[in-house]
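Please read it alongside the sequence and the structure.

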Amino acid sequence: MKIKLDENIGSRGREVLRAAGHDVATVYDQRLGGAADKALFRACAEEHRVLITLDHDFCHVLRFPPEQSAGIVVLELPSRATRDALLNRLREFLKLLETRPLKNELWIV
């Protein structure tokens, strides 16, 4: 699967996802750091990449229609999130991915 990690995740989770066999890019890799949400959504759609983010703005399905994307994953973390919490949430996402396709869907993990 082709994945783009938002700047709020960056390279921290890249290794976990790559180890699972996914093609992973970050917004920084592609010079999209600081880009508007709409621009990031469009870039992911054009590249057929699933967006993984912590940004709850992407839960607004009228603004970011999942059916116009390869998929959107919004990770939920505790208010005092740690790197381990983030990595564990990504591992949970990978387990869910084994059970059903993500294409054109919004997942909140």
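Helices here are DSSP runs of H or I with at least four residues, numbered from the N terminus. The model is a predicted one. Arginine 89 and glutamate 92 both belong to helix α3, 3 residues apart, or about one turn of the helix. The model holds 6 salt bridges and 3 aromatic pairs.

**Helix α3**

- Helix α3 has 15 residues and spans 21 Å from its first C-alpha to its last, close to the 21 Å expected at 1.5 Å a residue.
- The buried residues in α3 are Ala85, Leu86, Leu87, Leu90, Phe93, Leu94 and Leu97.
- These buried residues pack against strands β1 (2-5), β3 (50-53), β4 (72-74) and β5, and against helix α1 (14-19).
- Within α3, arginine 89 forms a salt bridge with glutamate 92, with 3.0 Å between the closest N and O atoms.
- Glutamate 92 is partly exposed, at 36% relative accessibility.

**Aromatic rings**

- Among the 3 aromatic pairs is that of phenylalanine 93 and tryptophan 107, which is edge-to-face, with 6.0 Å centre to centre and 65° between the planes.
- Phenylalanine 93 lies in helix α3 (residues 83-97) and tryptophan 107 in strand β5 (residues 106-108), so this pair ties together parts that are 14 residues apart in sequence.
- Both partners are buried: phenylalanine 93 has 0% relative accessibility and tryptophan 107 has 8%.
- Phe41, Phe58 and Phe64 are linked into a cluster by ring pairs.
- The charged end of lysine 38 sits over the ring of phenylalanine 64, 5.4 Å from the ring centre.

**Buried aspartates**

- Aspartate 37 lies in helix α2 (residues 37-47).
- Aspartate 37 is buried but has no salt bridge. Arginine 63 is the nearest side chain of opposite charge, 4.5 Å away, and a salt bridge requires a nitrogen-to-oxygen distance within 4 Å.
- Beyond its neighbours within four places in sequence, aspartate 37 contacts Asp55, Asp57, Phe58, Arg63 and Phe64.
- Aspartate 55 is in the loop between β3 and β4.
- Aspartate 55 is likewise buried without a salt bridge, and its nearest side chain of opposite charge, arginine 63, is 7.2 Å away.
- Not counting residues up to four places away in sequence, aspartate 55 touches Asp6, Asn8, Asp37 and Val74.

**Cysteine 59**

- Cysteine 59 is in the loop between β3 and β4 and is partly exposed, with a relative accessible area of 22%.
- Leaving aside neighbours within four places in sequence, cysteine 59 is in contact with Val74, Leu106 and Ile108.

- Aspartate 23 and arginine 49 meet through their side chains in a salt bridge of 3.3 Å, N to O.
- Aspartate 23 lies in strand β2 (residues 23-26) and arginine 49 in the loop between α2 and β3, so the bridge ties together parts that are 26 residues apart in sequence.
- Aspartate 23 is partly exposed at 37% relative accessibility, whereas arginine 49 is buried with a relative accessible area of 9%.
- A network of salt bridges links Lys4, Asp23, Glu47 and Arg49.
- Arginine 100 forms a salt bridge with glutamate 105, the closest N and O atoms lying 2.6 Å apart.
- Arginine 100 is partly exposed, with a relative accessible area of 44%, and glutamate 105 is partly exposed at 23% relative accessibility.

Technical notes
Residues are numbered from 1 along each chain as its sequence is written. This is a predicted model: local features need pLDDT of at least 70, side-chain atom pairs count only at pLDDT 80 or more; totals for chains, interfaces and linings use all residues. Side-chain values use heavy atoms; hydrogens and water are left out. Rings of Phe, Tyr and Trp (its six-membered ring) pair if their centres lie within 6.5 Å; planes under 30 degrees apart count as stacked, over 60 as edge-to-face and the rest as tilted. Helices (H or I, at least four residues) and strands (E, at least two) are DSSP runs, numbered from the N terminus. Buried means under 20% relative accessible area, exposed over 50%, partly exposed in between (1.4 Å probe, protein chains only). A charge sits over a ring if NZ of Lys or CZ of Arg is within 6 Å of the ring centre and within 35 degrees of the ring normal. The expected span of a helix is 1.5 Å times one less than its number of residues. Contact means heavy atoms within 4.5 Å. Lys and Arg count as positive and Asp and Glu as negative; His and the chain ends are not counted.
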